[in-house]
Amino acid sequence: MNSSRSPFSLLAAVSLLVLACAPALAGDDWRPIDPADLALKAPVVEKDADAEAIFWEIRVADELEAGSSRKVLSHYIRIKIFTDRGRESQSRIDITYLSGSSIKDVAARTIKPDGSIVEIKKEDVLERTIVKVGGLKLKAKSFAMPGVEPGAIIEYRWREVWDGISIYDRLELQRDIPVQVVRYFVKPAHIESFKSVGLSAKSFHCDTTPFVKVKDFYMTSLSNVPAFHEEPRMPPEDEVRAWMLLWYTDEGNLPPDKYWPKFGREKYDDYKANLKVSDDIRSAATEAIGDATAPEQKLERLYDFCQKKIKNASSDTLVLTSDERAKLKDNKTPSDTLKRGIGTGWDIDILFTALASAAGFDARIVRIADRGRAFFTPKFANPYFLRSYDIAVRVGDQWRFFDPGTPYVPFGMLRWQEEGQQALILDPKDPVWADTPLAAPQMTKEKRTAKLRLSEDGTLEGDVTVEYTGHFAVEKKRANDQDSPAKREENLRDQIKAQMSTAEVSAIRIENVTDPVKPFVCAYHVKVPGYAQRTGKRLFLQPAFFEHGIGPLFVTSERRYPIYFHYPWSEEDTVAIELPQGYALDSADAPASFSAGAISQYQPKISVTSDTKTLLYQRTFFFGGGGSILFPVEAYSQLKGLFDELNKRDNHTITLKQTVAGSSN
């Protein structure tokens, strides 16, 4: 259940009983241990839980000082351990945090069943990087809890500090273990400075209590919170996890049909000064377009100009001189960006808009949501989810969408997080909503080729090339662009060995890592001892080389959350395997094709060359056709069945029989 309320409007209804029963605020001292908690033998929230938080309390305070501001979240959690699995899972603590924040003043201790206490030392708190489901890398403060055993209580405190103050606060309400009660104490210092500004709140996937006044704070809580468990291919956490949004506004609560037109007009006015088309912009547009006549070709040339001719200061790989940084700060118009040849992603997008306008197109800025964070609906009349932007250009009777300011995004596509979204096209009179397209599977392709030779002892050796386009290429480039060439090679080698442990990889070549247009390419020489299994005079061979060693995509029989693929994709494999001398195909039937209508299709093919010396294996697969990337929990068994069958057919084995004694060199 979602709720929206003003804490201040509820204070008159607060009873003295509620205030009297309110707990002490989480502070800088340990609170006494309740003997009943120490004696607790079974969890309260989930009967099979191995550990459970007795409470999790967080103070949220805006701190304003001369010339600076910050937001501080002071956390305090107390956890009861019930089983050995709970001991194992809770003995290692990772407090993750994002860029722009820091973790300070970590303290932790264990209270054993006999009441004795063991505290960690400050030097035991380490900094490290962890990888979450989906590949997201996070920094963490990590430490080991001492003396943890079933029946013990562990508790720890920390401060989460954010630079600056936002009008929004995102408050987490769910952990990876059950929680008996979560309490937030909010102290918005800047409300005192802006009396006309009100505080509103909306809870997602839960129903929190109304805010009440406790000393200088406003408190809300949530009881009996179940554990949150990550699942592969699930929607973004904000779509499935309990959380709350706080925001400050002086507008009241307008309905969506009133709010969004007002917002669209205001933002148009905010941006229009940045879109001035000057003579140098017109000249640059004419030169970039050249002899192009078709609208699509004109826009592509303008897009290429912005990506190739303007240095992108938003790129993590661009190192700026002090002079370039000074110039960057002065970019106030598209002409400034054009003249200096450098700009932020925003500057580059604005330049593209001005160039398109100079070329006679109707070009607009759009506000758009990021579906990598949450699924936006205009029914929620608040721009919290609508913080990204792209450029819309009218071509004929349709709006086309572009984002040259984001590194590596190809012409005709957006970041995957912004495809398949409702975009608000800004206008001085009548802002409108339009849908951004979802790129077809063929636009995001992994194309793999291998020319290999099989020895009679089962060793497979040869050369491999893999080419990535579309969203695959963007992700590969972003994952590699800050690494050294040696680190890139190391990562590729580790990736291959994780799939085939005996693989020996050499002659690695990785191309187009920072090229804004070309596909990401990696090539290497590989030798895999024991790839084919030999039994007597037969060799058993998996021709789908690129799928060798890959397990099923879904391994659990049940599912909690919907299934979500970030974008449609396709795969194309061509594998040539020279057979060992003296061996011939004994059983070389190809696995059957299958189709899931427009959503997915799998087509393998096995053949041999006319001289029977080389086996040819071809495989094509795509998924997400028709924009099908989000599926309800009820569809899990069918999806699991599809990918299980794909894995089974990819592991199809053929037989080679020795017909003449020979030797492979």
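The model is predicted: local features need pLDDT of at least 70, side-chain atom pairs count only at pLDDT 80 or more, and totals for chains, interfaces and linings use all residues. Residues are numbered from 1 along each chain as its sequence is written, and side-chain values use heavy atoms, leaving out hydrogens and water.

**The sheet**

Helices (H or I, at least four residues) and strands (E, at least two) are DSSP runs, numbered from the N terminus. Two strands pair if DSSP finds at least two bridges between them. Eight strands form an open sheet with mixed pairing, in the order 25-26-24-23-30-34-33-32. Its edge strands are strand 25 (504-511) and strand 32 (594-595), and each pairs on one side only.

| Strands | Bridges | Direction |
|---|---|---|
| strand 23 (residues 445-454) and strand 24 (residues 460-468) | nine bridges | antiparallel |
| strand 24 and strand 26 (residues 520-528) | nine bridges | antiparallel |
| strand 23 and strand 30 (residues 569-578) | nine bridges | parallel |

Lys451 stands opposite Asp463 in strand 24. Arg448 stands opposite Asp573 in strand 30. Thr465 has Ala523 of strand 26 as its bridge partner. The hairpin of strand 23 and strand 24 has five residues between the strands, and Gly458 there takes a positive phi near 95 degrees.

**Helices on the sheet**

Contact means heavy atoms within 4.5 Å. Angles run from 0 to 180 degrees between N-to-C directions, with axes fitted to C-alpha atoms, for helices over the stretch in contact. Helix 11 (residues 470-480) packs on the sheet and touches strand 23, strand 24, strand 26 and strand 30. Its direction makes about 80 degrees with that of strand 26. Helix 12 (residues 485-499) also packs on the sheet, touching strand 25 and strand 26. Its direction makes about 130 degrees with that of strand 25.

**Cores**

Buried means under 20% relative accessible area (1.4 Å probe, protein chains only). A nonpolar core is a set of buried Ala, Val, Leu, Ile, Met, Phe, Trp, Tyr and Cys residues joined through side-chain atoms within 4.5 Å. The largest has 56 residues. Leu452, Val464, Val526, Phe545, Phe565 and Phe643 have the most contacts inside it. Apart from that core lies another, of 46 residues, including Tyr271 and Phe402.

**Helix 7**

Helix 7 (residues 295-309) has 15 residues. Its buried residues are Leu299, Leu302, Tyr303, Phe305, Cys306 and Gln307. They pack against several elements, among them helix 6 (279-289) and strand 19 (388-395).

Note on methods:
The expected span of a helix is 1.5 Å times one less than its number of residues. Buried means under 20% relative accessible area, exposed over 50%, partly exposed in between (1.4 Å probe, protein chains only).
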